[in-house]
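Subject: Structure handover, salt bridges

Hello,

Here is the structure for you to open. My notes on it come after.

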Amino acid sequence: MTELPALVVRPLSGPRELDLFDRLDYVLDDELANDLATGRRLPEWLWVALRGDRVVGRIGWWTGRPGSAPQALDFFDLDPALPADEAAEIGLRLFETAAAEVLPAGTPRPEYHRFMPADWHEVPETRALHETLFGVLAATGARPLVERLRLEWLPGTPVPEPTGRLVFRPVADREDLLALMTPVMEGTLDAHGRADLAGGLSPREAAELHYDEELAHYRTPRDWWRIAELPGTGEPVGFVVPARNNYHPIIAYIGVLPAHRGRGFVDEILGEGMRVLAAQDVPRMRAATDLDNVPMAKSFARAGWTTFQRAINFVWDAPGTAGG
């Protein structure tokens, strides 16, 4: 019986080894080179597991703010040809070794984000591959937080016309939006928002965290952001944040105030965000919503968006060494 080469787990030595990392496949592969060039990734954050010259696993972290610590774990792949038990063993060693070197000791581990085919539950091979991967994450102390629908609008699909039920104005400043984000946290169906509240944050604190950690970092014009009001009275109904992240034009956030939920206003507000982006002649629009947020998913569907992928987020509830 031929003895297998010893497993070697190491980071890339530099950008020139990106081809080595690319020997396994994932939907974000085409972003890697630009991410390295712009500092959203570092070679020392990209690790491979090797048996001889065969890549049997890889893992990598990302940040949206070059110069900062990793904000997300978004690459974790195992060779699909491996038996499940061997893949799990390699995956755990790869995770433990890389995380110990990449992540600052004693700090919360960043979330793991995984994009998957929209039908991943129904395809046995795809499901088995992901269940092996998710089992490795569970062994490190992670738990699934939420599964999400990834949604896309493409040119040629009609953009909703205004109905006159609402009028829209730009967001004036941070406080103008936070004053509406705070009550939107009440009864939110968003898993991240609910986790923030369950963790002890007040609705205002959860809104501030969302604004400061995400919305404040979009570089597209703030005058794209819209507040929806009732005609005549100026009573606020909700808001929408159209933007562009590092990769795509997006609907970043939609909120409807509790007093106005259940009246179909979400369709009006989404339509305004779409009109803002369509005016920029964008090649696509993207968004995501939690699988359990059925009203929001139905609103996107009515506006002509399609589910092109799903995503799942895993979290670690406490800092510590991998496997702790």
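Below are the notes on charged side-chain pairs.

This is a predicted model: local features need pLDDT of at least 70, side-chain atom pairs count only at pLDDT 80 or more, and totals for chains, interfaces and linings use all residues. Residues are numbered from 1 along each chain as its sequence is written, and side-chain values use heavy atoms, with hydrogens and water left out.

Side chains of opposite charge can pair when their charged atoms come close. The structure holds 26 salt bridges (a side-chain nitrogen of Lys or Arg within 4 Å of a carboxyl oxygen of Asp or Glu).

Asp-35 and Arg-41 form one of them, at 3.1 Å from N to O. Asp-35 is buried at 0% relative accessibility (buried is under 20% relative accessible area, exposed over 50%, partly exposed in between; 1.4 Å probe, protein chains only). Arg-41 is buried too, at 1%.

Arg-65 pairs with Glu-213, with the closest N and O atoms 3.3 Å apart. This pair links distant parts of the chain, 148 residues apart: Arg-65 sits in the loop between strand 3 (54-62) and strand 4 (72-78), Glu-213 in helix 7 (residues 203-213). Helices (H or I, at least four residues) and strands (E, at least two) are DSSP runs, numbered from the N terminus. Arg-65 is partly exposed at 25%. Glu-213 is partly exposed at 45%.

Arg-226 pairs with Glu-272, the closest N and O atoms being 3.1 Å apart. Strand 8 (residues 226-229) holds Arg-226 and helix 8 (residues 265-278) holds Glu-272, 46 residues apart. Arg-226 is buried at 18%, and Glu-272 is buried at 11%.

Lastly, a network of salt bridges links Asp-22, Asp-29, Arg-58, Asp-77 and Arg-114.

Best wishes
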